[in-house]
Amino acid sequence: MSDNLRQYRAIRDALTQGYPGEPRGRVARHVVTLAALISGIVASKSTQLPTIAAHVPDGAQPESRVKRFARWLRNDHITAEVYFLPFAEVLLTSLALQTLVLVMDGSVVGRGCVALMVHVMYKGRALPLAWLVRQGKKGHFPEDLHIMLSKQVHKILPPEAQVVLLGDGEFDGTTLQHTVQAYGWSYVVRTGSHITVLWDGEHFRCETVAACITPGTLVALPDVRVTAAAYGPVMLLCCWAKG
């Protein structure tokens, strides 16, 4: 038995176990197609349908598989609520035995669109949990969409989960910070060296600290307030980075 076939069967059987009963008819066919897609993505390390189809061991011609996958993706009855979230919740229940590390990021997804995504980290892989897609080029999403996505993820996390959210400088908005803090999450986000902070009764710009430290130095400032609204307290980490 080939590795691809063994992998496909394992994925199909695992998906089937997520249903309350044995899938039959159209539902069973949809599960088989979903298993083939997942198996092909894992084997090919790609999300291009022709590449996926070349790694699916079902005996059909690759062109036929591509057409079947395309029909499945275009089907209005194939929704994330039915064919994605139930399995994501099962996965998160297992992963939540340890601290969940979530990463929020934006990326180009083709056809003139960009996606805002939240992933959970698992063994060096970023597994998508929730996403928003809109037309546009690579660029920052408004903070209200950051908050909308964090709410989607919060709904599918186990209530007792310990969570750390990571993000780059796009996600340093204080309203987002307040939202995830209300969930009980910890968070680490980058911010700009130009921001003004209040610490120990003094106002100064972060770049002032940068001018006072040497390469390889890390300075931790506790109980810091940031922005004109003096949001906080937060811990500010200033380090000398490459470049």
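## Overall surface and fold

The protein has an accessible surface of about 15,000 Å², and carbon and sulfur atoms account for 56% of it (Shrake-Rupley method, 1.4 Å probe; for residues, only the protein chains shown count as cover). The model is predicted: local features need pLDDT of at least 70, side-chain atom pairs count only at pLDDT 80 or more, and totals for chains, interfaces and linings use all residues. Residues are numbered from 1 along each chain as its sequence is written, and side-chain values use heavy atoms, with hydrogens and water left out.

Nine helices and nine strands make up the secondary structure (DSSP runs numbered from the N terminus: helices are H or I, at least four residues, and strands E, at least two). Of the 243 residues, 33% are buried (buried is under 20% relative accessible area, exposed over 50%, partly exposed in between; 1.4 Å probe, protein chains only).

## Aromatic pairs

The whole structure holds three aromatic pairs (rings of Phe, Tyr and Trp, its six-membered ring, with centres within 6.5 Å; planes under 30 degrees apart are stacked, over 60 edge-to-face, the rest tilted). One of them is edge-to-face, because the rings of tryptophan 72 and tyrosine 83 have planes at 75°, with centres 5.9 Å apart. Tryptophan 72 lies in helix 4 (residues 62-74) and tyrosine 83 in helix 5 (residues 80-83). Both residues are buried.

## Histidine 30

Histidine 30 belongs to helix 2 (residues 25-44) and is buried, at 12% relative accessibility. Beyond neighbours within four places in sequence, histidine 30 contacts Trp72, Asn75, Ile78 and Tyr83 (heavy atoms within 4.5 Å).
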